[in-house]
Amino acid sequence: MRSLPKRTAERAHMPHAKLDALIFISPRSLKAFYSDHFVLPLPAGHRFPMQKYRLIREGAQAAVPDIEFHEAPRTTDGVLALAHHPHYIQSVSTGTLSPAEQRAIGFPWTPEMTERSRRSAGATIAACRAAMEQGAAVNLAGGTHHAYADHGEGFCVFNDAAIAARLMQAERHVKRVAIVDLDVHQGNGTASILANDDSVFTLSLHGERNYPFNKETSDLDVALPDGTGDAAYLTALADALTELFSRFMPQLIIYLAGADPHEGDRLGRLKLTLDGLAARDRMVFEQARQRGIPVAVTMAGGYGKNIQDTVAVHLHTIAIAAHHVWGGQTTTSTRADGAA
């Protein structure tokens, strides 16, 4: 299925044009799912940029036309158990994580942490459902790819992509899902959870020398050197997508569109520009559209020295996603001579 043009002909007044009608498409709104009002009470000086999620939502509301906001639903224990051990779910829910487990996650345990993590996973599930219906949708958070089945790491509590992929298989009868992870850090938790699952293809394009330092094995890992830059990155991505589609034909893509490959990011060292990251997003969506594959986007990481740089990267991703929503209703305009 391909995205539909806004109209079937552009110059109706062109000499010799034989047009019975002009067909205009009223595109559906991009659905965006948010959870930024569930704020973690972090200690002063904590390096996690919690405010970026609110800024992304506010920026998208101001800058992206035809966007429809929905509060993220809460994920149940049963759905979380599609990717996580029941004991771990209970420990997160009841606040019985050990100090070491909390240090590995990077957040002190609070009820707000549990609620936000459930909502973040719920937003990716909702984005997948919406994408299956209209081609593209976004979670304005998510991308928590460092969470393993039995523990969390790297600011990630529950692995939203793994949970959502398995739920779509059970709920929507999607046989094959690809997780395209373009965060600067390898999706180690995702690779671990799905290591023996041939129905989900995990692709990770990441910094070779960046966190996590003990990498897992994805279905396709592309490790890039520091300072890679736009041209080399886009070549590597094009090659990786070619290999993905030669080995596996997904019916849904969950796309982790990390902002941390940006040149201004504190934790990323790949040195991509804003234009390079926008070209990255367009490549993913174009490749998906050519094959009629819906795409659910999550924001993943972003730790810019200037938080507005991080927000700008994410807003570009959202705007590009909005162009890939499949068309809605059509209306017909009459010709000047009255013929329909």
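Biologist: Which residues of strand 4 (residues 136-139) are buried on one side and which on the other?

Modeller: This is a predicted model, in which local features need pLDDT of at least 70, side-chain atom pairs count only at pLDDT 80 or more, and totals for chains, interfaces and linings use all residues. Residues are numbered from 1 along each chain as its sequence is written, and side-chain values use heavy atoms, with hydrogens and water left out. In a regular strand the side chains alternate between the two faces of the sheet. Buried means under 20% relative accessible area, exposed over 50% and partly exposed in between (1.4 Å probe, protein chains only); on strand 4 that covers both faces, with Ala136 and Val138 on one side and Ala137 and Asn139 on the other.

Biologist: What is the bridge partner of Val138 in strand 9?

Modeller: Strands are DSSP runs of E, at least two residues, numbered from the N terminus, and two of them pair if DSSP finds at least two bridges between them. Strand 4 runs parallel to strand 2 (residues 30-34), with 3 bridges, and there Ala32 stands opposite Val138. Strand 4 also runs parallel to strand 9 (residues 295-298), joined by 4 bridges. In strand 9 the partner of Val138 is Val297.

Biologist: Is Gly207 buried or exposed?

Modeller: Gly207 lies in strand 6 (residues 200-207). Leaving aside residues up to four places away in sequence, Gly207 touches Val184, Lys215, Leu224 and Leu270, where contact means heavy atoms within 4.5 Å. Because its relative accessibility is 3%, Gly207 counts as buried.
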